[in-house]
There are 2 protein chains.
Amino acid sequence: MVGVSGLLEIVGLGPGAPEHRTEAAAASVRGADTVIGYGPYLDYCADLLSDGQTVVRWGMGQEPERARDAVDRAAAGERVALISTGDPGVYGMAARTLALAAELPPDRRPDVQLMPGVTAALIAAARLGAPLSDDFAVVSLSDLHLEWETIERRLEALAASGIALCLYNPRSRSRTWQLGRVLELLRRHRGDDTPVGIVTDATREDERVTRATLATVDEQQVSMRTVLIVAGESAVSSGDWIVAQR
Amino acid sequence: MVGVSGLLEIVGLGPGAPEHRTEAAAASVRGADTVIGYGPYLDYCADLLSDGQTVVRWGMGQEPERARDAVDRAAAGERVALISTGDPGVYGMAARTLALAAELPPDRRPDVQLMPGVTAALIAAARLGAPLSDDFAVVSLSDLHLEWETIERRLEALAASGIALCLYNPRSRSRTWQLGRVLELLRRHRGDDTPVGIVTDATREDERVTRATLATVDEQQVSMRTVLIVAGESAVSSGDWIVAQR
């Protein structure tokens, strides 16, 4: 009976500031026996935690261990909130955690619920105007779990499609050449003067929003916490805003 | 002085149920002098409205009038909340409203803020597992404001890219043939057995979630309040879930 009473909620906290979190996400964290997450992300929901809860802070890169811990605890009957920033289903913890839960026999599988959140593309767009008001794609430039050739193949097709592009994980300390290659690829399909919005740490203390073009992006400004939005074919500059027309 | 003190907040209410709304969106509606929106969407934030407020209910298809009303009132010094469901920057009210505000001379332009929300693709994905955990695109099938040839051209490129697709506005009373054409187009690029999730009215009273493939979608199930998610090349079925792997 213990196993089937467990609950695993995979929660998106949104971009960071508590006011851009949903009430459902907040309730999941508040109501959990155990809250599990990457250490710095737990700080984004510190206002929701209380003394009776177990809080498990994991380090960077320990996503498989975090997912396993969450599934095991829920299977043992605990009510668990596993947190991501943004939306847990957009490069967050949902996929690997669902895959682990699905491996359990049905009588040991906890109830699993997903709590969506405002993903980075949406808050970045809100800072820039309405660049995603026509069709758009969300693409990660991280080649940690996908070969670079596949990423380039996808980007070639997307660049040709003409829709806006949101680039996640554009650059990190160990991935420094990828963004330059992508900007070069995009310039082959779109004009050098295509507007690009660069948004880092949206809603957080060090939020930075800058505008550039495909020819003028300053790669040194871009980190793993940056989202770049490359305007689509229907975008116009409207005052300080990038506005896609549909 | 009256003009410059106005505030226009363009607010995303999320999918419908109050618990999937952000606190910032709720605060914008609560704090407004005037709340403007399509009538049925105002019902999704009825719990936030109070007696001192002016509530302006507009009919379907009156988006230009709604945007003009919101900009004019804010320019006259009111604090205005203009609401959309989902995210206002994803086929919502943001683009046309920013374009109107940008036309005003700077000394008459009110402060404009955008409050993001959980867009339909994210709640649909949460109901299906994690189909958007690898790259994805969001595409509207509505040809009210864009010629159908452009929509098909984009879809050809996107289908070839291999990423997951979220189809908004797939079908309405007056647009009945487009979805069939799109499914046929997608079948030419991807297997007949590609998983498709069909989510209508997520978080609302009549929520319906069904699973199909590109060959078995029942078009009669699909309405203007449906989002279809077509799995990408990296997706697998994991128990009842569609999970994209990255």
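Guide: A helix axis is here a line fitted to C-alpha atoms over the stretch in contact, and angles run from 0 to 180 degrees between N-to-C directions. The model is predicted.

Visitor: Are α7(A) and α8(A) roughly parallel or roughly antiparallel?

Guide: In chain A, helix α7 (residues 148-161) packs with helix α8 (residues 178-189), their axes being 9 Å apart and their angle about 30 degrees. Angles under 35 degrees count as roughly parallel. Therefore α7(A) and α8(A) are roughly parallel.

Visitor: Which hand does the crossing of α7(A) and α8(A) have?

Guide: The contact involves residues of α7(A), among them A:Trp148 and A:Leu155, and residues of α8(A), including A:Val182 and A:Leu185. The crossing of these helices, α7(A) and α8(A), is right-handed.

Visitor: How many charged residues has the contact of α7(A) with α8(A)?

Guide: A:Glu152 and A:Glu156 of α7(A) and A:Arg181 and A:Arg188 of α8(A) take part in the contact. By class, the contact has seven nonpolar residues and two polar ones, and its charged residues number four.

Visitor: In which loop does A:Tyr91 lie?

Guide: A:Tyr91 is a residue other than glycine with a positive phi, near 55 degrees. In chain A, its loop is the one between β4 (79-84) and α5 (94-103).

Visitor: Is A:Asp201 buried or exposed?

Guide: A:Asp201 is in the loop between β9 (195-200) and β10 (208-213) of chain A. Its phi is positive, near 55 degrees, in a residue other than glycine. Buried means under 20% relative accessible area. A:Asp201 has 8% relative accessibility, so A:Asp201 counts as buried.

Notes. Residues are numbered from 1 along each chain as its sequence is written. Chains are lettered from A and ligands numbered from 1 in the order in which they are written. This is a predicted model: local features need pLDDT of at least 70, side-chain atom pairs count only at pLDDT 80 or more; totals for chains, interfaces and linings use all residues. Side-chain values use heavy atoms; hydrogens and water are left out. Helices (H or I, at least four residues) and strands (E, at least two) are DSSP runs, numbered from the N terminus. Angles under 35 degrees count as roughly parallel, over 145 as roughly antiparallel, 65 to 115 as roughly perpendicular and the rest as oblique. A crossing is left-handed if the near helix is turned anticlockwise from the far one by less than a right angle, and right-handed if clockwise. Contact means heavy atoms within 4.5 Å. Ala, Val, Leu, Ile, Met, Phe, Trp, Tyr, Cys and Pro count as nonpolar, Asp, Glu, Lys and Arg as charged, and the others, Gly among them, as polar. Buried means under 20% relative accessible area, exposed over 50%, partly exposed in between (1.4 Å probe, protein chains only).
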